[in-house]
Amino acid sequence: ERMKLEFQVYPDFYKIKAPVLQDKCPELFVGRRIELESFWRCIYRIANYESVNNRAIISHRKMGKTALLTHFYHLAFWEQDEVVPLYFEFPSEECPVAKVAEQMGVTWLAQWLAFLLKEPKVVKINTEAKFLAFLEKTEYKKTFLDVLEDYQEFKSKSQGTELIGTALQMLNFLVAAFKMPCVVILDEIQEMESGVLKDEQGNGVHCAGKLFEIVRNKRIWTIATGSQVSVLHYQIVRNPLANRMFKYFLSPLKPNDRLELVQKAMEKQGFEGYSGIEQEVVNLVGGNPFYILSLFDTESHYKDIKNKEKSFLTPDELKEVFEFEASHEKGLIYIFWKEHFKDNLQKLNQEIKGKPGLTFKMLYYITRNRHRAISYSELEKEFQLKPEEVNKKAWQLIEADLATEIYSLRIQGLDDEVLFLVLTKMHASKILDHLSEQEAEELFSQEVEKRFRSPKK
C-alpha cells in the first residue's frame with residue numbers, strides 16, 4: 001500500500017517553476033489563497049485515501065476561473081509527486097465528437113507521462129502515434145500499453161456520446177494501472193451540452209451525463225468549470241450529478257488582491273502612475289481581473305484610435321483609457337460585452353408586445369440596483385407588468401448570465417462595476433427613451449466621474 005503522506009507546509013502558491021501548459025500559464029496571478037489552500041488540502045486527502053468533494057467552480061465570465069485552475073495545475077505538477085494533475089478544455093467551435101474524444105484520450109496519456117517524468121515538453125504530444133513513439137524511451141511502456149489495450153477494447157464498441165464516456169473511462173484505467181490518484185480539471189464543460197460536439201450525422205450531442213464515468217471513482221478528484229453560469233448551475237450540475245459534485249461560487253478578487261493586481265499589471269507593462277491610482281482603478285472596475293488587465297493591455301486598439309500610447313500619470317489619463325476600453329467599439333471591455341449580448345441575442349430579443357426595449361430597461365434597473373435583491377413584485381410595479389411577464393423576463397436575464405436568482409421570486413444584478421456603465425453607452429436608446437448619442441456619452445462620463453475622488457491638482 002502506498003505510504004500515506006504527512007500534511008506539509010503549503011508551497012509558495014505564487015511561484016511557478018516553469019510553464020507546463022504553454023498557453024495556459026497565467027503570467028499575472030494574485031490572490032485566491034483560500035481556494036488554493038483548499039485545493040492543496042484536497043491533494044493530501046486524496047493521496048491519503050481520504051474522500052474529497054468533486055467541485056463545479058461557478059462564476060460569471062472573465063472572473064478568473066481558468067487562471068485559478070491552470071495556476072493550480074502548475075502547482076500540482078511541480079510541488080508534489082503523489083496526485084497526477086490533468087487539464088482538458090472543451091472546444092467552443094463545432095467539432096466532431098469523435099475528434100474531441102480522441103484528443104481527450106491523448107491528453108490524459110501525455111499529461112500523465114509528463115507528470116511521471118516531470119518533463120513539460122511531453123504535454124505537447126497531440127497524437128497517439130507520437131505518444132507511442134516517445135513511450136519507447138521510458139520505463140512506463142508496459143503499463144501504458146496495458147491501459148491502451150483496455151481503452152481500445154472499450155472504444156471499438158463506442159459511438160456518439162459514448163466516445164466521450166470512453167475517453168473519461170481511460171482515467172479509471174490509468175488510476176488502476178499506476179495505483180495513483182489524479183485530479184482532472186475540465187474547462188468549458190458547458191460545451192458538453194451546447195450542441196457544438198457533433199455526431200457522424202452532424203447532430204449536436206449532449207454528454208454531460210458521461211461525467212459519471214469519473215465522479216464515482218474516489219481516486220479521481222474532478223474539478224469542472226465553464227463560462228455559462230446558467231448551464232452549469234441549472235442543467236449540468238443538477239440531480240443526480242449534484243449529489244457527487246459540490247458547487248463553489250467564485251467571487252471577485254478581494255480588495256487587497258485587486259490593488260496588488262493593478263500594481264503588478266503596471267509593473268509588467270512598464271507604466272508609471274500617479275499616487276492613489278491603484279484605488280481609483282479598483283473604484284472604476286471592481287474585482288474583475290479581466291477589467292483590470294484590459295486597462296493596462298498595450299495591444300488594444302487604443303494607440304491606433306487615439307494616436308498615442310496609454311499613460312496613467314494623471315486621473316484624467318486613467319479616465320480616458322477606461323472610457324475607451326469600456327465604451328469604444330474597439331475597446332476590450334466593450335467588445336467582451338458586445339459579444340456576450342450577441343451570443344444571447346435570441347433570449348434578449350424576446351420582447352413583450354407593446355413593451356419595446358423592456359429587456360434592457362429591466363436589466364439596466366437591476367444592474368443599477370445590483371447591491372440588493374429585487375423582488376418580482378417590485379419589478380411588476382416599476383414596469384407595469386403581470387407576474388407571469390416578470391417571471392419570463394427575469395429568467396431570460398438569468399439564462400443569459402446577466403442576473404442571478406437569489407431565491408424564490410427575487411433577482412439580483414451581477415456583482416459587476418462596469419456592466420452598468422457599458423449598458424449606459426451600448427444600449428442607451430433602448431433603456432432611456434429619446435436619448436441622443438451625445439447625451440448617452442455625457443451620461444456615461446458622469447457615471448465614470450462619480451467613481452473618482454476629487455482629482456489632485
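The following exercises, each with a worked solution, concern a predicted model of a protein.

**Exercise 1. The protein as a whole**

Determine how many helices and strands the protein has, and what share of its residues count as buried.

Solution. The count of secondary-structure elements gives 22 helices and 10 strands. Turning to burial, 52% of the 457 residues count as buried.

**Exercise 2. The surroundings of Glu27**

Decide whether Glu27 is buried or exposed, and state which side chain is joined to that of Glu27 by a polar contact.

Solution. First, locate the residue: Glu27 is found in the segment before α1, a helix that spans 33-47. Next, consider accessibility. The cut-off for an exposed residue is over 50% relative accessible area; Glu27 has 66% relative accessibility, and therefore counts as exposed. Then examine the side chain, which is joined to the side chain of Lys268 by a polar contact of 3.5 Å. Finally, compare sequence with space: Glu27 and Lys264 are 237 residues apart in sequence, while their C-alpha atoms are 9.9 Å apart.

**Exercise 3. Two aromatic pairs**

Explain why the pair of Phe13 and Trp40 is classed as it is, and state which helices hold Phe131 and Phe144.

Solution. In general, a pair of aromatic rings is described by the distance of the centres and the angle of the planes. The structure holds 27 aromatic pairs. In one of these, the ring centres of Phe13 and Trp40 are 6.4 Å apart and the planes stand at 75°, so the pair is edge-to-face. The pair links distant parts of the chain, since Phe13 belongs to the segment before α1 and Trp40 to helix α1, 27 residues apart. Phe13 is buried, with a relative accessible area of 1%. Trp40 also counts as buried, at 1% relative accessibility.

The second pair consists of Phe131 and Phe144, with 5.2 Å from centre to centre and 80° between the planes, and is edge-to-face. Phe131 lies in helix α4 (residues 128-135) and Phe144 in helix α5 (residues 141-155), so this pair ties together parts that are 13 residues apart in sequence. Both Phe131 and Phe144 are buried.

**Exercise 4. Lysine charges, rings and positive phi**

State over which ring the charged end of Lys62 sits, and where Lys62 lies.

Solution. The charged end of Lys62 sits over the ring of Phe290, 4.8 Å from the ring centre. Phe290 belongs to an aromatic cluster with Tyr291, Phe336, Trp337, Phe341 and Phe360. Lys62 itself lies in the loop between β1 (54-58) and α2 (65-79), and is partly exposed, with a relative accessible area of 37%. The backbone of Lys62 has a positive phi of about 65°, although the residue is not a glycine.

Two further cases can be set beside it. The charged end of Lys118 sits over the ring of Phe77, 5.5 Å from its centre. Arg32, which is not a glycine, has a positive phi of about 60°; Arg32 is found in the segment before α1 and is buried, with a relative accessible area of 8%.

**Exercise 5. Strands and their partners**

Explain why β2 is described as largely enclosed, and give the order of the strands in the open sheet that contains β10.

Solution. Begin with β2 (residues 84-89): 5 of its 6 residues are buried, so the strand is largely enclosed by the rest of the structure. β2 pairs with strand β4 (residues 182-187) in the parallel sense over 6 bridges. Within this pairing, Phe88 stands opposite Leu186 in β4.

Proceed to the open sheet of 3 strands, whose order is β8-β10-β9, with antiparallel pairing. The edges are formed by β8 (374-375) and β9 (403-405), each with a single partner strand, so one side of each is left without a neighbour in the sheet. β9 and β10 pair in the antiparallel sense over 3 bridges, and Ala403 has Gly413 in β10 as its bridge partner.

Lastly, consider Gln412, which is placed in strand β10 (residues 410-413). A polar atom of the Gln412 side chain lies 2.8 Å from the backbone oxygen of Arg370. Leaving aside neighbours within four places in sequence, Gln412 is in contact with several residues, including Ile366, His371 and Ala403.

How values were computed:
Residues are numbered from 1 along each chain as its sequence is written. This is a predicted model: local features need pLDDT of at least 70, side-chain atom pairs count only at pLDDT 80 or more; totals for chains, interfaces and linings use all residues. Side-chain values use heavy atoms; hydrogens and water are left out. Helices (H or I, at least four residues) and strands (E, at least two) are DSSP runs, numbered from the N terminus. Buried means under 20% relative accessible area, exposed over 50%, partly exposed in between (1.4 Å probe, protein chains only). A polar contact is a pair of N or O atoms within 3.5 Å; within protein, one must be able to donate a hydrogen and the other to accept it, and residues adjacent in sequence count only if both atoms are side-chain atoms. Rings of Phe, Tyr and Trp (its six-membered ring) pair if their centres lie within 6.5 Å; planes under 30 degrees apart count as stacked, over 60 as edge-to-face and the rest as tilted. A charge sits over a ring if NZ of Lys or CZ of Arg is within 6 Å of the ring centre and within 35 degrees of the ring normal. Two strands pair if DSSP finds at least two bridges between them. Contact means heavy atoms within 4.5 Å.
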